[in-house]
Structures are given as structure tokens and as C-alpha cells.
Amino acid sequence: MGPSVELTRTIDGCKSGDAESFAQVVDIYSGRLYGYFYRLTGDRNLSDELLSELFMRLVEKIGTYKGGSFESWLFRIASNIFHDHLRSRKRRRKLLDSRRTEAEFQTPQPKASDAKDEKLDKLQIQLHRLDDDTRELIMLRFYSEMSFKEIAEARSEPIGTALSKLHRGLKKLRELMEG
């Protein structure tokens, strides 16, 4: 399904170079896209950088949007930016220092508040124990609320492949949460 009439006007404005139209797209999507990057990286500053990169690419690539789900198109760009970041990081360091990674995602000091916060903290920690590809799939499905079809399109892979990878990833996450 394509974008709404109002969003279509905004996209057309972006294609014309209208700054106000770009500002509207930023207003509409920045929260979800920042959340997507933050859930993948666990780093606020890096999430801000990736979000800035996304909106710079949006300005460059808006002319390549040819219809269909604008959200899927936008999240495909976000996914590409995240993977570019991973490749860059891997070039800088061939092997991650596992002790440093574990230290970054240690369980925070328990709050006197409720168990829900602790469960969310544990979920965040366990998500970062998954490989980047699996974590991204889970974020696209549950945080970004994309359909399986949209995920498959955004990742340029068959829907069955996306479903299978997501199923295995959720099974692994469940094991980590129970362990």
C-alpha cells in the first residue's frame, strides 16, 4: 500500500527540494528511526549520527523513490546505513573485544522501581548478545512494526528467508532470556 495523500504531497515537496517538506518527514519518522538505531546499537551518540546520516541520504536519494511503501523504502535506507556502519567497524577492528562488549551491556544497578524495567533491561542486554543481522530483524518486526512482506522487501530477500531467520532469532532470544 502506498503513502497517504498528505504524505504523497510531502514526498513530492521533498523531490522539489522544499525544506519544509523535508522537515515534515523528519518530524514524522525521526522518533521511530532513532529508536530503531538505538535498539540496534545501544549507543545514543551513534544513533544520533546514524539518524543524521539517514536524513542526509534522504535528501540525496528522494528522487529514487518510485512509489510503494515509503516507510519500507526509508527503513531500507536505514538498514543499509546500519550495515555500512558495521562494515566500517569491522574494518577498523577485525575482532571485537568480548570483555568490552560485555561491560557495555552489563546489567544496570537494579532500581527500587518495578520488575518491568528490569525485564526491559534484560531484554536489551540479551538483544545485544544476538548477531547484528538477527537483532536488526527483530527490531524491524517488533519495534518498527513492519510486516514480514515489508521486512523482506527492505532486506531484498525472499519472505520465507526473512520468516525463517526471524523465527530462529526469536528462539535464540527466548533461550537467552530464560537462561
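Tutor: Start with burial. A residue counts as buried when its relative accessible area is under 20%. The model here is predicted. Of the 179 residues of the protein chain, 36% are buried.

Student: What share of the accessible surface belongs to carbon and sulfur atoms?
Tutor: The share is 51%, out of an accessible surface of about 11000 Å² for the protein chain.

Student: How many helices and how many strands does the protein chain have?
Tutor: Nine helices and zero strands. Along the sequence the pattern reads α-α-α-α-α-α-α-α-α.

Student: How do I describe two packed helices?
Tutor: Give the angle between their axes and the distance between the axes. Take helix α7 (residues 132–143) and helix α9 (residues 159–178). Their axes come within 9 Å and cross at roughly 100°. Angles of 65 to 115 degrees count as roughly perpendicular, so α7 and α9 are roughly perpendicular to each other.

Student: Which residues of α7 and α9 meet?
Tutor: From α7, Asp133, Thr134, Leu137, Ile138, Arg141 and Phe142. From α9, Ala162, Lys165, Leu166, Gly169, Leu170 and Leu173. The residues of this contact divide into seven nonpolar, two polar and three charged.

Student: Now a loop residue. Is His128 buried or exposed?
Tutor: His128 lies in the loop between α6 (115–127) and α7. Its relative accessible area is 10%, so His128 is buried.

Student: Which backbone oxygen lies 3.5 Å from a polar atom of the His128 side chain?
Tutor: The backbone oxygen of Arg39.

Notes: Residues are numbered from 1 along each chain as its sequence is written. This is a predicted model: local features need pLDDT of at least 70, side-chain atom pairs count only at pLDDT 80 or more; totals for chains, interfaces and linings use all residues. Side-chain values use heavy atoms; hydrogens and water are left out. Helices (H or I, at least four residues) and strands (E, at least two) are DSSP runs, numbered from the N terminus. Buried means under 20% relative accessible area, exposed over 50%, partly exposed in between (1.4 Å probe, protein chains only). Accessible areas come from the Shrake-Rupley method with a 1.4 Å probe; for residues, only the protein chains shown count as cover. Axes are lines fitted to C-alpha atoms, for helices over the stretch in contact, and angles run from 0 to 180 degrees between N-to-C directions. Angles under 35 degrees count as roughly parallel, over 145 as roughly antiparallel, 65 to 115 as roughly perpendicular and the rest as oblique. Contact means heavy atoms within 4.5 Å. Ala, Val, Leu, Ile, Met, Phe, Trp, Tyr, Cys and Pro count as nonpolar, Asp, Glu, Lys and Arg as charged, and the others, Gly among them, as polar. A polar contact is a pair of N or O atoms within 3.5 Å; within protein, one must be able to donate a hydrogen and the other to accept it, and residues adjacent in sequence count only if both atoms are side-chain atoms.
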